[in-house]
Amino acid sequence: MELLFVVLGGLIVGLIARYSLPRRSTHGEALIPAVAAIVAAVVWVALTWAGWPWDGGWIWAVSLVASGIVAVAVDILVGRRREEGDRRMLVELGG
């Protein structure tokens, strides 16, 4: 049950990242929240396997911070690549 809540937390972190960062028009609406939710789940499971107690505060903090960091990184990387690809395509079509 706790995994469900950490996935929901990651999803919320991803939504905040999506609507807080620029370049949101360069990727789909669900990409960043989905990535953040997946990262939160994977980190949570890895930490529980490592022996961290699920009712401790650190497992929650690490899982949600990691999901936020990855969400921001994916947003920046996907946005930059998409803008570069769009520029290349416009040059090819115009020239």
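## Contacts and overall shape

Among contacts (heavy atoms within 4.5 Å) between residues at least 6 apart in sequence, 62% join residues at least 24 apart. This is a predicted model, in which local features need pLDDT of at least 70 and side-chain atom pairs count only at pLDDT 80 or more, whereas totals for chains, interfaces and linings use all residues. Residues are numbered from 1 along each chain as its sequence is written, and side-chain values use heavy atoms, with hydrogens and water left out.

The protein contains 3 helices and 0 strands, where helices (H or I, at least four residues) and strands (E, at least two) are DSSP runs numbered from the N terminus, and its pattern along the sequence is α-α-α. Its radius of gyration, taken over C-alpha atoms, is 16 Å, well over the 12 Å given for 95 residues by the globule rule (2.2 Å times the number of residues to the power 0.38), so the protein is more spread out than a compact globule. The C-alpha trace spans about 60 × 20 × 15 Å along its principal axes.

## Surface and burial

The accessible surface, from the Shrake-Rupley method with a 1.4 Å probe and, for residues, with only the protein chains shown counting as cover, comes to about 6200 Å², of which 70% belongs to carbon and sulfur atoms. Buried residues make up 31% of the 95 residues, buried meaning under 20% relative accessible area, exposed over 50% and partly exposed in between (1.4 Å probe, protein chains only).

Helix α1, residues 2-20, reaches 27 Å from its first C-alpha to its last, close to the 27 Å expected at 1.5 Å a residue, the expected span being 1.5 Å times one less than the number of residues. Its buried residues, among them Val6, Gly10 and Ala17, pack against α2 (31-49) and α3 (57-94).

Helix α2 has 19 residues and likewise reaches 27 Å, close to its expected 27 Å. Its buried residues, including Ile32, Val39, Trp44 and Leu47, pack against α1 and α3. After α2 comes Gly51, whose phi is positive, near 100 degrees.

## A buried loop residue

Thr26 lies in the loop between α1 and α2 and counts as buried because its relative accessibility is 9%. Its side chain reaches the backbone oxygen of Arg23 at 2.5 Å. Leaving aside residues up to four places away in sequence, Thr26 touches Gly79, Arg82 and Glu83.

Note on methods: A polar contact is a pair of N or O atoms within 3.5 Å; within protein, one must be able to donate a hydrogen and the other to accept it, and residues adjacent in sequence count only if both atoms are side-chain atoms.
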